Amino acid sequence: MKKENQVPDNELRRQDVPDASPVDPAAPDETREETSPPENAEQPDAGKKKKRRGVSRKFRYGTLSTVLTLVVVAAVVLVNVVASLLNDRYPLNLDLTSDKIFTLSEESVKVAQSVDTDVDVVVFAGEENFSDATTDSTAGSIMRQFYELMKQYESQSGGHVKTTYLDLVANPTLATQYSAYDVESGDILFIGNGKYKKSNINDLAEYSTSYYSTTISGSNVEKTVASQLVTITSEYTPVVALLTGHDEASYSIQGLQSVLGSNNYEVREIDITGSEELGDDVSTLVIAAPSKDYTADEIKKVREWLNNGGNLGRDLAVFVNYEADCPNLYEYLNVDFGIEVTNNLVIETNVNRQYGYNQYYLYADIASTDYTAGSTGDKKALTMITRQLLTHKDDNSSSSLFN
């Protein structure tokens, strides 16, 4: 054999020993066949070490990846649990409405934060009627507003205010446990502090009435909820008696009931022509624009109640019907209080102080007194068709009787 035809040992080893690099698992089968060593070929030790080291690295990386995945999943679950708990305790809502109808006003926040006793608000309607209400309509916006604000009341009250929805249409038997409150579908029941108050879904809206129809003109959600919460949680609720029996103006009765009922007053109607007692627990009597005159006995009844056995400390409010003629009542006001009700109607000649360019609907200044401390300044009182009142007592507040 010729020497030049011999292959060096190192070249032979390079040809006989296959590439020890890992085979690409994605490669086609024929590629793996071409790079596979012959059946009888011996694998060098270095090749064996590399192969074992490659398998070990894959196992190690796969295990680490699995562990990291489990850790991440556990962390996400933990974050979701904590977020859920925090959202239940401190719900976060982004109110993107222009007038912030889904955000409690400062006054309502103060009311909610002042609640220091548990109050259950039971809504006798399906929850989806509120939570899924569309805001495309005024009615829908009000329903959704109630739903969102009640969650804020719960949060701001520290969990004292809790809302439950019961659908009496789907399950009428749910009303059994509330039978003592005489509830029906659409009612909203406030229970707490040994007391209860009842509203209705219709009370959540303000209405505008024309000759042809009645339409929703705005929201009454915060006013309704706040007033009921104040009444339920207050330790003292003053009682006001509206005296009836003399064809009182219905708008006066309804307006007073609405205003007083929204400001933590218990309102009663007492027919002064009957035998019902005015009551020692009543703090204020209201004569609400009667159309017919009071009798001498009825005026005596009012006078004795006000005197309170010489202890006084009671109040009387009188609304005068501008169309009525009540000489007995007007004489009582003049003799006992120095207030004369004349037959003159007050008009306003300055158009800048008229409402709707009606001279009988006028804006009046509010005098500064102990009773009007929060209403003076630039604020005005809208007076609609009123009689002229003349006062015949001085304004010396140290006197037992003054105007």
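This is a predicted model: local features need pLDDT of at least 70, side-chain atom pairs count only at pLDDT 80 or more; totals for chains, interfaces and linings use all residues.
Contact, as I use the word today, means heavy atoms within 4.5 Å. By that rule, residues 24 or more positions apart account for 63% of the contacts in this protein with a separation of 6 or more.

Residues are numbered from 1 along each chain as its sequence is written, and side-chain values use heavy atoms, with hydrogens and water left out.

The overall content, then. The protein has 10 helices and 15 strands; these are DSSP runs numbered from the N terminus, with helices being H or I of at least four residues and strands being E of at least two. Of the 403 residues, 30% are buried. Buried means under 20% relative accessible area, exposed means over 50%, and partly exposed is in between, with a 1.4 Å probe and protein chains only.

Next, the cores. A nonpolar core here is a set of buried Ala, Val, Leu, Ile, Met, Phe, Trp, Tyr and Cys residues joined through side-chain atoms within 4.5 Å. As background, nonpolar side chains in soluble globular proteins tend to be buried together. The largest core in this model has 30 residues, and Phe130, Phe146 and Tyr153 touch the most other members. Two or more residues each come from helix H4 (106–114), strand S1 (119–123), helix H6 (138–156), strand S2 (161–165), strand S3 (187–192) and helix H7 (221–233). Which element gives the largest share? That is H6, with 7 residues.

Phe146 is worth a look on the screen. Leaving out residues up to four places away in sequence, Phe146 touches Val123, Phe130, Tyr165, Ile188, Leu204, Val221 and Val225. Apart from this core lies another, of 21 residues, among them Tyr294, Trp305, Cys326 and Tyr330.

Now two helix pairs, starting with H6 and H7. Their axes come within 10 Å and cross at roughly 40 degrees. Axes are lines fitted to C-alpha atoms, for helices over the stretch in contact, and angles run from 0 to 180 degrees between N-to-C directions. H6 and H7 are therefore oblique to each other, since angles under 35 degrees count as roughly parallel, over 145 as roughly antiparallel, 65 to 115 as roughly perpendicular and the rest as oblique. The crossing of this pair is right-handed, meaning that the near helix is turned clockwise from the far one by less than a right angle. On the H6 side the contact uses Ile142, Gln145, Phe146, Leu149, Met150 and Tyr153, and on the H7 side Val221, Glu222, Val225, Ala226 and Leu229. By class that is 9 nonpolar, 1 polar and 1 charged residues. The classes are Ala, Val, Leu, Ile, Met, Phe, Trp, Tyr, Cys and Pro as nonpolar, Asp, Glu, Lys and Arg as charged, and the others, Gly among them, as polar.

The second pair is helix H9 (residues 296–307) and helix H10 (residues 327–337), which pack at an angle of about 30 degrees with their axes 11 Å apart. H9 and H10 are therefore roughly parallel to each other. H9 passes H10 in a right-handed crossing. Ile299, Val302, Arg303 and Leu306 of H9 meet Asn328, Leu329, Tyr332, Asp336 and Phe337 of H10. That contact has 6 nonpolar, 1 polar and 2 charged residues.

Asp336 and Phe337 come up again at leucine 401, which touches both of them and also Lys393, not counting residues up to four places away in sequence. Leucine 401 sits in the segment after strand S15 (387–391) and is partly exposed, at 27% relative accessible area.

Not counting residues up to four places away, glutamine 156 touches Leu104, Val109, Ala112 and Gln113.

Last, backbone angles. Most residues other than glycine have a negative phi. Alanine 289, in the loop between strand S9 (282–288) and H9, has a phi near 50 degrees, a positive value. Is alanine 289 buried or exposed? At 3% relative accessibility, alanine 289 counts as buried. Leucine 312, in the loop between H9 and strand S10 (315–319), has a positive phi near 55 degrees. At 49% relative accessibility, leucine 312 counts as partly exposed.
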